[in-house]
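Work through the exercises below with the model open. Try each task before reading its solution.

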Amino acid sequence: MNFLNIPTVDLDDQNHSLVLLDQTLLPNETVVLRLQNRQDIFEAIQKLRVRGAPAIGVAAAIALYLAVKNGTFSCHESFFRALSETKAYYSAARPTAVNLFWALDRMENTAKNAADKPIAEIIRLLREEALLIRDQDIESCKKIGENGLTLLSPGMGILTHCNAGRLAAVRYGTATAPIYLGEERGYHFHVYADETRPLLQGARLTAYELTQSGIDVTLLCDNMASYAMQKGLIDAVLVGCDRVALNGDTANKIGTSGVAVLAQYYHIPFYVCAPYSTVDFSCPDGGHIPVEQRSADEVTQLWYEKPMAPSGISVLNPAFDVTPHSLITAFITDRGVIRPPFEVHFKEKL
């Protein structure tokens with residue numbers, strides 16, 4: 001099975017299924033899931049079988065469409081009650097990624113705007129909206145890549161953290177979009193990928209997908225980033241994000257804020273790559289971003305044959321940290337490059 005031909009997330013309408021590439025098994029196994037049951041879809045989002053803010057949003061939109069498509073409703077009231085309940089159910093799967101809520105809200109608004117139409121017509125419109133969200137994600141990531149290339153030069157060394165690649169979206173990715181487009185145009189970047197403890201998204205996913213795509217990539221343990229910067233190997237940092245507050249504070253995979261601190265110390269530009277939909281205008285600053293806390297066994301034993309910490313040890317395992325806006329050089333979005341003051345320029349792009 002050729003990895004490059006497998007969609008990260010898609011709709012199999014004929015078989016009433018959400019199609020996902022199971023990212024928990026990469027790079028050793030390539031398994032495509034076809035999920036119909038809402039409990040299975042919830043588990044896939046919660047357990048990171050599908051992950052990355054854009055991909056989660058697309059998956060949630062398709063899941064909500066499938067939930068009502070396969071339902072039986074006696075009237076509009078029962079239809080909208082089921083839609084609202086299912087939306088709330090999927091919203092609880094991951095608390096930090098704003099694209100999850102953005103996509104579910106967009107689907108619900110589509111249904112509400114057609115409330116005077118027959119239920120079958122509303123369901124058809126929900127299908128169109130879910131596929132539109134998918135297709136717009138592809139176009140959005142390509143625009144991020146184009147805008148990112150305006151800030152980069154051929155041959156640069158680029159550090160990235162976690163996986164904001166095509167596996168985190170439908171195609172291209174966010175932080176990797178300039179890398180993929182640059183490779184197509186002969187830029188030949190050298191990418192340094194942090195392994196990204198404790199779930200190893202950089203090692204298992206970023207290093208894997210870039211290698212499969214023929215891109216020059218070197219894997220780093222997370223605590224080696226300072227060494228690479230000190231040695232002059234890094235010219236720019238590109239990361240993705242899960243939520244951006246109005247002032248520019250940004251939640252991304254745990255460890256991102258440390259990379260930003262290092263980049264500022266070594267005078268290296270630190271760019272956050274994200275679709276504009278990741279900006280949460282209802283969130284004033286990073287202190288209002290909920291940070292998901294995950295299971296201790298991800299740290300103590302997930303990747304080991306035997307536990308690698310004392311039994312019963314207390315473990316702090318936040319999935320994300322918040323990078324202060326003062327450490328971010330610019331946001332690379334599908335609506336252009338946005339520089340400080342972020343709150344002013346975010347609003348200008350509305």
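**Exercise 1: a strand and its neighbours**

A hairpin of two residues joins β13 to β14. This is a predicted model.

Task: Find which strands pair with β13, and in which sense.

Solution. 
- Start with β14, residues 336-338. Three bridges join β14 to β13, and the two run antiparallel. Here F331 stands opposite I338.
- Turn to β10, residues 270-273. β10 pairs with β13 in the parallel sense, again over three bridges. V272 has F331 as its bridge partner.

Task: Are the faces of β13 covered or open?

Solution. 
- Side chains in a regular strand alternate between the two faces of the sheet.
- A330 and I332 lie on one side of β13, F331 and T333 on the other.
- All four are buried, so both faces are covered.

**Exercise 2: salt bridges across the sequence**

Solution. 
- D22 sits in the loop between β2 and β3, R49 in the loop between α1 and α2. They are 27 residues apart.

Task: What does the E146 and R185 pair tie together?

Solution. 
- The side chains meet in a salt bridge at 2.6 Å, N to O.
- E146 lies in helix α5 and R185 in the loop between α6 and β5, so the pair ties together parts 39 residues apart in sequence.
- E146 is partly exposed at 31%. R185 is partly exposed at 45%.

How values were computed
Residues are numbered from 1 along each chain as its sequence is written. This is a predicted model: local features need pLDDT of at least 70, side-chain atom pairs count only at pLDDT 80 or more; totals for chains, interfaces and linings use all residues. Side-chain values use heavy atoms; hydrogens and water are left out. Buried means under 20% relative accessible area, exposed over 50%, partly exposed in between (1.4 Å probe, protein chains only). Two strands pair if DSSP finds at least two bridges between them. A salt bridge is a side-chain nitrogen of Lys or Arg within 4 Å of a carboxyl oxygen of Asp or Glu.
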